[in-house]
Structure formats: structure tokens, C-alpha cells
Amino acid sequence: MKAAVFVFLALLVSFTLLTPVFAQGVSGVANNMRIDDTDAKPGDILSVADGKIVRSAKVGDPAMFGVVVQFPTISYGDKTDTTVAVLSSGRADVHVSAAAGAIKTGDPITTSDKAGVGQKGSAGYILGKALADYSDTSQDGTIPVLIGIGIFSTTPNTGSVLGQLLGALSIGLSSSQNFPLILKYISAALIGGITFIIAAFTFVRFMRSGLEAIGRNPLAKGTIIAGMMVNAGIVLILTVAGFGIAIAIIAF
């Protein structure tokens, strides 16, 4: 009996110590699937091209699909000699190049014209955000990336925010792995919507109260109008702050 307990504890300790090693650099749920690029290896970025899943080979590819990982935390689907684990949301080590500029932590990472290799992105479709720096232009390297496929804009506006929201909804509904991404955009939409409703209601209320006050006391018209302008300014500042928070949630 004691021997059995000892063996169980030894196995438990071994599993606890080895798990971080096997899962190093990867966090998230992957899908075991067959892809159409036999040269793809862990760290390569994949895209959908002509109905096939292959290594990405176009800058800012809007059809990017995920990253090949070796030891995912959790994976779904049959694992065979002909399948690979593909992560579409989470954290993974990704092959990158500094050809488009040195990569700093927090920079957007997109696809490049090198098969499977990412690079520093700008406005457009991105794979996610860099979690480490990389600046070696003499060769490609590997850095951890927070995977969150979507659209990145350096100058967010109403149109781009709406486009990102619709894109996130489409991605999130098609895969449960992207639930954190869709939750982020829904939160931003709720904050923006609530801000608009409160601002509109408050502004109308202030205007109506001001007009009624002028009707009751015409001699104080100037003072009342000044107060209405101050209130309108406060509402405007709070509205801008609310929309700013919503945009910040999307951008980061």
C-alpha cells in the first residue's frame, strides 16, 4: 500500500515538473488537424489559400488562420501522424523576421512574404501582439506572441471600430477559441452604446430644464444660457472619455 502511494506521489510530482516544460511558450486550446503544407513546423503561421491550409506567404494576409504549435495546453480532434496542432487564439512561440523593422513588446505582428514567418505589422490584419523584442536582421527568430487574429488600426475611427467589431463577431461565432476576442469587442460596444445613451438623455434633459428656466425668469437668460453651455461641455467631455475607453479596449 505504501509503495503504491509512493509511486502515485512520484508520478504526480513528475507530471507537475514536466508539464511547464512541455507547455512552454504555449497557452490556449488548439485543434489537431490535417494541413496541406508538409513543410510547416511549430512556430509557422498558417493561412487559407484556395481552400487549403498552408504557410502564410503574403504581407498582412487577411486569410491568416493560426500558428502551428508542438505542445498545446489542450487540443481537440484526433491526434495522428498526419495532423498538427493549430492555435488560433492564446499564446504561442512564432517565427518572426526583423526585415520590416525591429519588433518591440506590444507591437502588432502580421504575416510576411516569407513562408510561415511573421513580421512587425502596421494598420491592417494582424496575428496578434508581440510579447518580446526581436531586432536581429541577419536571421529569423522566435518570440512569444499573444494570438488574437483581427484588424489593427493606428488611427481608430468610427468606421474602423465598427469594422473591427463586425469582424470580431464573425471570427468569434465561427470558433469558440476566439471567445476572449469577441468578449473584448462586445464590451467595447456596450461601453460605447451606454455612453451615447446617457449623453443623449442628459443633454436633452439639460436643454429642456434650461428652456423652462428661461421661460420662468427671462431676466436671467444670460446666466441660464451660460449654465447650459457649461453642462453641455461636461456632457461632451464625459462622452469623449467613454468612447475613448471603448476605442482603447479595441486597440489593446
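Asp-140 and Lys-114 form a salt bridge, with their closest N and O atoms 3.1 Å apart; the term covers a side-chain nitrogen of Lys or Arg within 4 Å of a carboxyl oxygen of Asp or Glu. The two sit 26 residues apart, Asp-140 in the loop between S10 and S11 and Lys-114 in the loop between strand S8 (108–111) and strand S9 (118–120). Strands here are DSSP runs (E, at least two residues), numbered from the N terminus.

This is a predicted model, where local features need pLDDT of at least 70, side-chain atom pairs count only at pLDDT 80 or more, and totals for chains, interfaces and linings use all residues. Residues are numbered from 1 along each chain as its sequence is written, and side-chain values use heavy atoms, leaving out hydrogens and water.

**Salt bridges**

- The structure holds 5 salt bridges.
- Arg-55 and Asp-37 meet through their side chains at 2.9 Å, N to O.
- That pair ties together distant parts of the chain: Arg-55 belongs to strand S3, while Asp-37 lies in the loop between strand S1 (29–33) and S2.
- Asp-37 is buried at 13% relative accessible area, and Arg-55 is partly exposed at 21% (buried is under 20%, exposed over 50%, partly exposed in between, with a 1.4 Å probe and protein chains only).
- Asp-44 pairs with Lys-41 at 3.8 Å, N to O; Asp-44 is buried at 1%, whereas Lys-41 is partly exposed at 42%.

**The open sheet**

- Six strands line up in the order S3-S2-S4-S6-S1-S5, with mixed pairing (two strands pair if DSSP finds at least two bridges between them).
- S3 and strand S5 (74–76) are the edges, each with a single partner strand, so one side of each has no neighbour in the sheet.
- S2 and S4 run antiparallel and are joined by 3 bridges.
- Ser-47 stands opposite Met-64 in S4.

**Nonpolar cores**

- The largest nonpolar core has 21 residues, and Val-94, Leu-127 and Ile-147 touch the most other members (a core is a set of buried Ala, Val, Leu, Ile, Met, Phe, Trp, Tyr and Cys residues joined through side-chain atoms within 4.5 Å).
- S11 gives the largest share of this core, 4 residues.
- A second, separate core of 7 residues includes Met-33, Leu-46, Val-68 and Val-86.

- Asp-50 has a positive phi of about 55° although it isn't a glycine.
- Most residues other than glycine have a negative phi.
- Asp-50 is in the loop between strand S2 (45–49) and strand S3 (52–55), and is exposed at 82% relative accessible area.
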